[in-house]
Amino acid sequence: RRASAIMADDGGGSRLDRLLRLLETGSTPAARHEAARQIGELASAHPNQLPNLLRRIRGFLKHKQWETRVASARTIAHICEGVKHATVADIARLEGVSPEQAVERAAHLQPTTDDDDDAAGDLAFAEFDIVGVLERAAPLLAAKSGDEELFGGADDDKDDAKKQLSKAERLRLAKQTLKQRLGMALDSTLEGAAEDEDGGKTKRAEKSSDGGDDAGQTSVKANLDVDKFVDVDDLVGEEDVDEVKVEPRDDAEKKMDASDLTQLSARERNRLKRKMKRGARDAADGVEPAAKRGRKPGSGSSTKGGSSRNSVDPETAARLAAEAAEEEDEAAEVEAGGWPLARTCEKLAYSLFAPRWEERHGAAAALREVLRTHAASAAVPGPPPRARSVEPDTAAKAARKNASWLEDAAVRLLCVLSLDRFGDYVGDGVVAPVRETGAQALGAGLLPLPPKAVEAVVGCILVLLRRPEWEVRHSALLALRYVLAARDALAPRLLPAALPAATSALDDKDDDVRGAAAEALLPAARHLPTHGDFPPLLAGLWGLLGRLDDPDLLTSPSNVPVMRLVSALYALPATRSTPPKGPGSTLRDVVPSLFPFAAHPIASVRLAVWQTLGQLMHGGDPSGRDWVDDVAATAMRVSFQATLLEEDAETAAAASSAWRDLCHVASAGAVAAAVDKHVESWCALAATAADTRPDARLLCVVSLSGGGGSDTITGADDRAPTSTSEWVVTTTGRLRAVEALSQLAKVLCAPGENLGELPISDAAAKLEAQVTRLLREGSATRRLTGSFLLASWLDAIPEGAPKPPLAAPGARLGELLAATDPAYPSAPSPAPYAEVASLVARVKRESAGLLRAAADNNVKPTTAEVPSPAADGFGAAHAATLAAAIPTGPAGLESARAALLASATRLKAEEARLHGSAPAGGGGGG
């Protein structure tokens, strides 16, 4: 069935209309993406509706909502996946040559009169002056969303001149106007006319009615205003509307024999044939003509005589007629072998320079999706259907057209990257959607281009890196990142010029530029160690992290990409074999510069610390990890602290992994020394009650040091760069910390030998003593921590290793299990759990208050022996006995009794809960 018949629906519009509404107003990204996928399926099933569909999608690319623009770009991606068009390789296969031969031959072809006129005004690297663009063109900012005139208006004289031009001539005029606005053509004459078919003469657009020097100066000044780019509506002229209008004519003129087509041009003949075919299909399917389908419901009006006539606003009629004419032209081009996405990309290319950043972003996103799948097909004329061969040099001509189109797109994207200034700070760093998306589109467009063109792009990027505007430098590094990612095989040719510039950008005064510099080198990380400038790069990366005298640098979000680059580089064996550059540049010297960032306020920075440290300890020659012993003590303190206190689950898992790696990679002697020195504070921190702040004197903070080094101080020190007052212990964190401490058994309880000055067995004995101390504490939390640690310790001892006797903690755990009364957990001592001490004191106060109320009301107890609230061991059971011994009395007495019973009940329940959990870990582990 025809697409219109399939999509038609009397209720709620067509299926396409509903999908487009969902694309715009979907409640979730998943709903929008599903709508995009289904629209792509419709486009694949009904290719004859592609021009109309693309036109409607282009409107959503200008939408104010981010989600709508992203979904529209995804829709373009799905449509592109279903559109099949010949590539240069396909044409070369039909000609019997290789694509490389076609590209080589294209470089030697001489221009001919048969070349496509559309390429006449294409931007090329040969005439591209990026500095001139920056100096002459105005920057692209964030214009108001309500701006009506996006591209500026043209005077009436120019409009009259444009009406006399053909489609190809207006396209050339638009391209020439864009070149002038970018400062790439300084003459005031806009040459957009093609040769006349009969006389071969050239038409030129009029400058103004006055002319002269003033007009020339005005035109040059106009180059400075990017807001007045050519209107994309200029690509549709009045004669396109006239061609579909029905004018009243004489009967002799209205009747034309369809078989007599000699009076029409080839373009008109093709259009007439398609209309006749479409009309026949519509009549067979019972579908109304396209002109009627284009009118909105309710556009008709009833006359006085009761007859209904369709009345359409003249402006709306003209617009609909222009759209229909444009779709007819586009269908004719596609039928003749043209690229189906050519018209869409023309409009996107001009929307890249719109004043509104939303429109620039939407155009760049859509162009990126087109280039990802159709870069090799761009501007390539398709061969005739079912052709088995083509004429000689057809592949070379196709390669030249493709390269010219891609070069033009690359130059436009470079102009956008150099002129866009919009940025938003919605996260940890700057978000530049237009520049980021434009850089991605640039990388996608470079895939089919030859190496020389890629080198030309990199050359422009390096020029931008030397500009004083930070936005321009940021754009350059974004572009370099995606160029290196897209053309990884060319990295050895590009890095000699790009690496020194990126290394210098690591020392940029702007934080976002520093981060972009590190991200730019990430795609080419595997090629960096073989470069001659690699040692300075490593020194620059560690130097950036080591400048700890700068508090702004410590809290900078750019540390994340810097650490990621360091991590990626040290995953390569070649990096580990790189000799240090000067004194103080070995790993034992530079790794400590990571530790201050473990207290960074941004979770992604803290995560990068542990990922980088873990990567440094993995891989490579084990003999080259002796630096780990030198940093083990501080690294274990900081990683244990993060394991216990980290609120971000992913970061906590990375810190726990780093702790395990330290226990495995560091020597037993280094681990034993750290345990001997810090195990007491580790156990005390792990035993902190849930939802309370740990003792700041037990926290480890690596302070800033002006000499580039680091000092380990406590969280209570005034020099601490990060406040520790918000750090809170949680039950989940305690369990992670106990698991981390149990990992020490794999080192300390292995078949022992004495390393260094401290025997490993002594470190194990010290940890055992801390477990015993926790079990002897009056706090249920500390006993729970000790019992869990004891059980986890026994489970973690390596298989085959002798288990320690653990006489002291085992005996104490037995005593705890033998104390069955929750009110006396330390029997024979009458002391309650420390957690309920305040509640016990309250019960005592209320018991004394009940006795005073009874005395005031002359109420005597029914028994001579009444429990004294002042006695040691007075608890919930004694309070209940006291309340039962006081007879019923006045209201005040009964109120005191009720309060006492409520507190006693609460105390009893809390003691039972604590008593059930305190020895649970040890009992389960036994």
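Guide: Helix 2 passes helix 4 in a right-handed crossing; a crossing is right-handed if the near helix is turned clockwise from the far one by less than a right angle, and left-handed if anticlockwise. Helices here are DSSP runs of H or I with at least four residues, strands are runs of E with at least two, and both are numbered from the N terminus. This is a predicted model, in which local features need pLDDT of at least 70 and side-chain atom pairs count only at pLDDT 80 or more, while totals for chains, interfaces and linings use all residues. Residues are numbered from 1 along each chain as its sequence is written, and side-chain values use heavy atoms, with hydrogens and water left out.

Helix 2 covers residues 15–25 and helix 4 covers residues 50–60; their axes come within 11 Å and cross at roughly 20°. That angle makes helix 2 roughly parallel to helix 4, because angles under 35 degrees count as roughly parallel, over 145 as roughly antiparallel, 65 to 115 as roughly perpendicular and the rest as oblique. The axes are lines fitted to C-alpha atoms, for helices over the stretch in contact, and the angles run from 0 to 180 degrees between N-to-C directions.

Which residues meet here? From helix 2 come Leu16, Asp17, Leu20, Leu23 and Glu24, and from helix 4 come Leu53, Arg56, Ile57 and Phe60. Contact means heavy atoms within 4.5 Å. By class, the residues of this contact divide into six nonpolar, three charged and no polar. Ala, Val, Leu, Ile, Met, Phe, Trp, Tyr, Cys and Pro count as nonpolar, Asp, Glu, Lys and Arg as charged, and the others, Gly among them, as polar.

Asparagine 48 sits in the loop between helix 3 (29–45) and helix 4. At 39% relative accessibility, asparagine 48 counts as partly exposed; buried means under 20% relative accessible area, exposed over 50%, and partly exposed in between, with a 1.4 Å probe and protein chains only.

Helix 25 (residues 534–546) and helix 27 (residues 559–570) pack at an angle of about 140°, with their axes 10 Å apart. That makes helix 25 oblique to helix 27, and the crossing is left-handed. On the helix 25 side the contact includes Phe534, Leu537, Leu541 and Trp542, and on the helix 27 side it includes Asn559, Val562, Met563 and Tyr570. By class, this contact has 13 nonpolar residues, one polar and no charged.

Two individual residues are worth a visit next. Cysteine 345 is in helix 17 (residues 342–351), and at 2% relative accessibility it counts as buried. Leaving aside neighbours within four places in sequence, cysteine 345 is in contact with Trp339, Leu367, Val370 and Trp405. Alanine 409 is 64 residues from cysteine 345 in sequence and 9.3 Å from it in space, C-alpha to C-alpha. Histidine 361 is in helix 18 (residues 357–374) and, at 3% relative accessibility, counts as buried. With the neighbours within four places again left aside, histidine 361 is in contact with Trp66, Arg69, Pro433, Val434 and Thr437.

The loops hold some backbone details too. Arginine 386, in the loop between helix 18 and helix 19 (394–419), has a positive phi of about 60° although it is not a glycine. Arginine 386 counts as exposed, at 80% relative accessibility. Asparagine 858 has a positive phi of about 55° and is not a glycine either; at 69% relative accessibility, asparagine 858 counts as exposed. The peptide bond from alanine 827 to proline 828 is cis, with omega near 10°, and proline 828 is in the loop between helix 38 (807–818) and helix 39 (837–856).

Stepping back, the protein chain has 42 helices and six strands. Of its 926 residues, 48% count as buried.
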